[in-house]
Structures are given as structure tokens and as C-alpha cells.
Amino acid sequence: MGVFAGKTAVVTGASSGIGRAVALRLGAAGAHVFVAGRREGALAGKVAAVAGAGGVATAVVADLREAGAVESLVERAVADTGRLDVMVNNAGVSFRGPLVDGDPEQWREMLEVNVLAPAAGARAAVRAMRACGAEGHIVTISSSATRVQPPPSLYGFYSATKAAVEAITTSLRQELENDTIRVVTVIPGTTATNLGRHRPELVGGLAAALGEQAEPSADGLFSPETLDRVAAAGRILASADDVARAVMFAITQPIELSMSEIAVGPARRPVVSA
Ligand SMILES: NC(=O)c1ccc[n+]([C@@H]2O[C@H](COP(=O)([O-])OP(=O)(O)OC[C@H]3O[C@@H](n4cnc5c(N)ncnc54)[C@H](OP(=O)(O)O)[C@@H]3O)[C@@H](O)[C@H]2O)c1
């Protein structure tokens, strides 16, 4: 029996990358994991992968930019299992580029997915955790882009959304001091995922620099196996599972302990150009 046997977890952005790796770890630890994202086919694969790791998962197709979507996701988990113990606000988007050439519609998408959805998701999670008396954990996935000062201009708006969600998470942690709900910010460094899907040549370029072949599939995405291989090759990218292990470490601490932040990333930083 895993440490999360009988517990319910929701992971947003679980159709790929860090969210997928967290869902696999939670499932293997016994949780019933509700995996959410927009891509139905990818989510079906994650349900099978969690089952393969010995867990139980339910796929929920949700576009977190839609009003009420994250609340419905939490409601679904509670309706099916009667409880909520872990909420991982992981889904994110990153459009990089100089601010002066930026697209305000991309800024809006980053605000909605990276800031508003985690805030609304945390709010819904607190209500659900209180209702079932859970010793709960809320996880925000931020980014090391908030720690580089001054923020790299190519990450300008993305860094701003992550700084905002970190500030919200800190406030929430303080609000919940007297609840049995702990709140942690996990801050990944550069991680081998498809986050840079708008610029697939970045992962391809890093792989080439490491002497690895990494071709995206027809949809422009790299497979988890390819990404893990690239991460392992040069140790200049973390793997999604490196971040997932940090999440698991935070949410397996005693409820009396507040673990506020964990930064996790490769020891060496990649040099990524525009
Ligand atoms: N990779 C890195 O170097 C890195 C570094 C620091 C922080 N992070 C953070 O880590 C988190 C996970 O990203 P990742 O690196 O694992 O990239 P990823 O593989 O692209 O995962 C992003 C996830 O977010 C979901 N998502 C995006 N927009 C959504 C929307 N409107 N509604 C619902 N789901 C949506 C995607 O699912 P669908 O496409 O199925 O909707 C996908 O599963 C993000 O918050 C990111 O900012 C990543």
C-alpha cells in the first residue's frame, strides 16, 4: 500500500511533461489521480501509464482558460471519490520573445493558464479539502525564471506570470496556517519537456549539442522517452521526473511542517539563445 492509498489527487497539465511525471508518481503511491488537460488522446495514454505504475487515474478534458473549468475538475474528483487530498497546479504555457514584439493575446493566455487557473484551482481545492477534513497539500509549479535578476527579457511576460503565481501562493500559505492544508511552491529549472512547443528547434538544438538525435513527431512534440534521453545525456536539463520527486518530497512531509519552496534543476545551466 502506498502512502497515498485512499487519497485523491488532481494534477493539471498532466497530459505531458512534469504533470505526467507527477501523476505517475502519485498513482504509484496509491492515489486516485485525476489527470487534466485539453488533449484527450494524450490523457488516455496517461491513464494507462498510471495504471501501469500500479495506480488509478481518471482523465478529465478541461481547458483551464474557460471560466469554471478548474472548479468543475475539482468537483468531479470529489463527486467520484468523496474527497480531495492533493492539488497540483502545474499546467502552464510559455511564449518567449522580446516584449516589444510580443503578442498581447499570448500574454492573456499566459495570465489565464499560469496565474488565474492556479488561483481558482487553489480556492476550489481548499474548499474541497476543508469539506472532507483532509490533511491536504496544494502545489504550485513556478519557474526558475523568477529567480534570474534581472529576468531574461525573452522570458519577460512568462516570468511575470510566475512571479504573480508565487505571490498568490505565499499569501495562500499564510492564510492556511491554521488549517491542515500545506502549500508549497516548486520551482523547476530548465526541464526537458515540450513547454517550448512553439520553438521545437530549442530541444532539437540542445539534443544536437549533446550529440543526440531528437526529432519531434508530426504534432511538433517530443515523446517522453526522447525528452528523458536528452535530459540524461547532458545533465544540462532536469528530467520531468526530477521535478516530480521534488513534488513528492514536499507532499509527504508531516502536516505540522511548512515546506514553502523547493527549487530543483540541473546543476549546470544550458545556454539557450533566442
Ligand atoms: N520545462 C521547463 O523548463 C519548465 C521550467 C520551469 C517551470 N516549468 C513549468 O512546469 C509546468 C509544466 O510544464 P512542462 O514543462 O511539463 O510543459 P508541457 O509538457 O508543455 O506541459 C504543460 C501542460 O499544461 C497543459 N495546458 C496548457 N494550456 C492549458 C489549458 N489552456 N488548459 C488545460 N491545460 C493546459 C498542457 O496540456 P494540454 O496541451 O493537453 O492542454 C500540458 O499538459 C508549467 O507550469 C511550466 O511553466 C517548466
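Predicted model: local features only at pLDDT ≥ 70, side-chain atom pairs only at ≥ 80, totals over all residues.
The chain has 274 residues, and buried residues make up 50% of them. Its secondary structure comes to eight helices and seven strands. Contacts between residues at least 6 apart in sequence were also examined, and 71% of these join residues at least 24 apart.

Helix α1, which spans residues 17–28, packs against helix α8, residues 240–251. The two axes come within 8 Å of each other and cross at roughly 50 degrees. Angles under 35 degrees count as roughly parallel and those from 65 to 115 as roughly perpendicular, with the rest, apart from those over 145, counted as oblique. The helices α1 and α8 are therefore oblique to each other. Their crossing is right-handed. On the α1 side, the contact is made by Gly17, Ile18, Ala21, Val22, Arg25 and Leu26. On the α8 side, the residues in contact are Ala240, Asp241, Val243, Ala244, Arg245, Val247, Met248 and Ile251. Sorted by class, the contact of α1 with α8 has 10 nonpolar, one polar and three charged residues.

Helix α1 also packs against helix α2, residues 40–52. Here the angle is about 35 degrees, and the axes are 8 Å apart. The crossing of α1 and α2 is right-handed. Arg20, Ala23, Leu24 and Gly27 of α1 meet Lys46, Ala49 and Val50 of α2. The residues of this contact divide into four nonpolar, one polar and two charged.

A further helix pair is formed by α3 and α4, which pack at an angle of about 30 degrees with their axes 8 Å apart. Because angles under 35 degrees count as roughly parallel, α3 is described as roughly parallel to α4. Helix α3 passes α4 in a right-handed crossing. Val70, Glu71, Val74 and Val78 are the residues that α3 brings to the contact. Helix α4 supplies Ala117, Ala120, Gly121, Arg123, Ala124, Ala125 and Ala128. By class, the contact of α3 with α4 has eight nonpolar, one polar and two charged residues.

Aromatic pairs were searched for across the whole structure, and one was found. The pair is formed by tryptophan 107 and phenylalanine 157. Their rings are 5.1 Å apart, centre to centre, with 5 degrees between the planes. Planes under 30 degrees apart count as stacked, so this pair is stacked. Tryptophan 107 lies in helix α4 (residues 104–132) and phenylalanine 157 in helix α5 (residues 156–175). The two residues are 50 residues apart, and the pair links distant parts of the chain. Tryptophan 107 has a relative accessible area of 25% and is partly exposed.

Three other residues were examined individually. Aspartate 80 is found in helix α3, which covers residues 69–81. The relative accessible area of aspartate 80 is 41%, so this residue is partly exposed. Leaving out residues up to four places away in sequence, aspartate 80 touches Phe34 and Thr58. Aspartate 80 and threonine 58 are 22 residues apart in sequence, and their C-alpha atoms are 9.6 Å apart in space.

Alanine 59 is found in strand β3, residues 56–61. With a relative accessible area of 33%, alanine 59 is partly exposed. Residues up to four places away in sequence again being left out, alanine 59 touches Val35, Leu43, Val47 and Arg76. The C-alpha atoms of alanine 59 and arginine 39 are 10.0 Å apart, while the two residues are 20 residues apart in sequence.

Serine 223 is placed in the loop between α6 (201–209) and α7 (224–234). Serine 223 has a relative accessible area of 28%, so this residue is partly exposed. Serine 223 and serine 16 are 207 residues apart in sequence and 9.0 Å apart in space, C-alpha to C-alpha.

Methods: Residues numbered from 1 in each chain as written. Heavy atoms only, no water. Axes fitted to C-alpha atoms, helices over the stretch in contact; angles between N-to-C directions. Helix = DSSP H or I, 4+ residues; strand = E, 2+ residues; numbered from the N terminus. Left-handed = near helix turned anticlockwise from the far one by under 90°. Contact = heavy atoms within 4.5 Å. Nonpolar A, V, L, I, M, F, W, Y, C, P; charged D, E, K, R; others polar. Phe/Tyr/Trp six-rings, centres within 6.5 Å; stacked < 30°, edge-to-face > 60°. Buried < 20%, exposed > 50% of the residue type's maximum accessible area, 1.4 Å probe, protein only.
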